[in-house]
Amino acid sequence: MSNLLKTALVTGAAQGIGKSIALQLAKDGYQVAITDLPFQKEKALETVKLIEKIGSNSIFIPTDSSKRDQVFQAVDTTFNKLGGFNTIINNAGIAQISPIVDIQPDELSKISDINIGGTIWGIQAAVKKFEELNQPGKIINAGSIASHQGFGVLGLYSASKFAVRAITQAAAKELASRQITVNAYCPGIVLTPMWDLIDAKMGEYTGVPKGETLKKYIEGIALGRGEEPQDVANLVSFLASEKANYITGQSYLVDGGLVYN
């Protein structure tokens, strides 16, 4: 299979934002490998089938993004099975809802290992493969509105996403001479299972009924609606395209007008 075929790896793509990104990249002409945790296999294989219906090759690689060796293996498998590797989307991540005064050591370790570690391991694995292939490449990381503003009861999550923004900037500076660009997408209130969890947990801390936290945040969005995963996928589509070849080190808000820089 020719390496001229554009090939992307999207982590955490069994559902939600990652799934939409994978489907959009397939529409853009990419072969797409996706990863997720083993227990998400059924959903992941459904995503693979949808990608194949679009007309692109796709595989599912069970992967824990917090494990460095597994991320490197996922990149190798992407190339070995699909015959190319041009772009990585470090999308896998988790949210944690807890006041700063209640944070426990295991919570800090878990979110750091996945949100920060997973991003770093994805960058390292992608760069290693780009250099083996002697080619440029694109690295696109999952930031958040919480990469730009800290949110109450989401202190750990905000810290991890601020870190992703910093890593994106540092990696962009380090890798520019190798023709590797590094950018991030920063979603807002996306109507996915993650935000259902955030809504429920924040309601427990603030004493408001389920749905009220989500409603409050949506009321603050200038464009007047919650975000759909496709809104994020549209930005990633641009960042992965040749149109973004002169862009690096940026973390773009895609939130309908909620947080402003």
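Which residues have the most contacts inside the largest nonpolar core? In this predicted model, that core has 29 residues, and those with the most contacts inside it are Val 10, Ile 21, Leu 25, Val 32, Ile 34, Ile 89 and Tyr 185. At least two residues of the core come from each of the strands β1 (7–10), β2 (31–36) and β5 (137–142), and likewise from each of the helices α1 (16–27), α2 (41–54) and α8 (229–239). The most is given by α1, which supplies 6 residues to this core.

When its neighbours within four places in sequence are left aside, Ile 89 is in contact with Leu 9, Val 10, Thr 11, Ile 21, Leu 25, Ile 140, Tyr 185 and Val 236. Leu 9, for its part, belongs to a second, separate core of 23 residues, which also includes Ile 61, Ala 171 and Ala 172.

For the chain as a whole, 8 helices and 7 strands are found, and 54% of the 261 residues count as buried. Among contacts with a separation of 6 or more, 73% are made by residues 24 or more positions apart. The radius of gyration is 18 Å, which agrees with the value near 18 Å that a compact globule of 261 residues would have, while the C-alpha atoms fill a box of roughly 55 × 40 × 35 Å along the principal axes.

The accessible surface comes to about 12000 Å², and carbon and sulfur atoms account for 54% of it. As to charge, the chain carries 24 positive and 25 negative side chains, with the centres of the two sets lying 5 Å apart.

Definitions and conventions: Residues numbered from 1 in each chain as written. Predicted model: local features only at pLDDT ≥ 70, side-chain atom pairs only at ≥ 80, totals over all residues. Heavy atoms only, no water. Helix = DSSP H or I, 4+ residues; strand = E, 2+ residues; numbered from the N terminus. Rg over C-alpha atoms; globule rule 2.2 N^0.38 Å. Buried < 20%, exposed > 50% of the residue type's maximum accessible area, 1.4 Å probe, protein only. Contact = heavy atoms within 4.5 Å. Areas by Shrake-Rupley, 256 points an atom, 1.4 Å probe, with all protein chains shown as cover. Lys, Arg positive; Asp, Glu negative; His and termini not counted. Charge placed at Lys NZ, Arg CZ, Asp CG, Glu CD. Core = buried A, V, L, I, M, F, W, Y, C linked by side-chain atoms within 4.5 Å.
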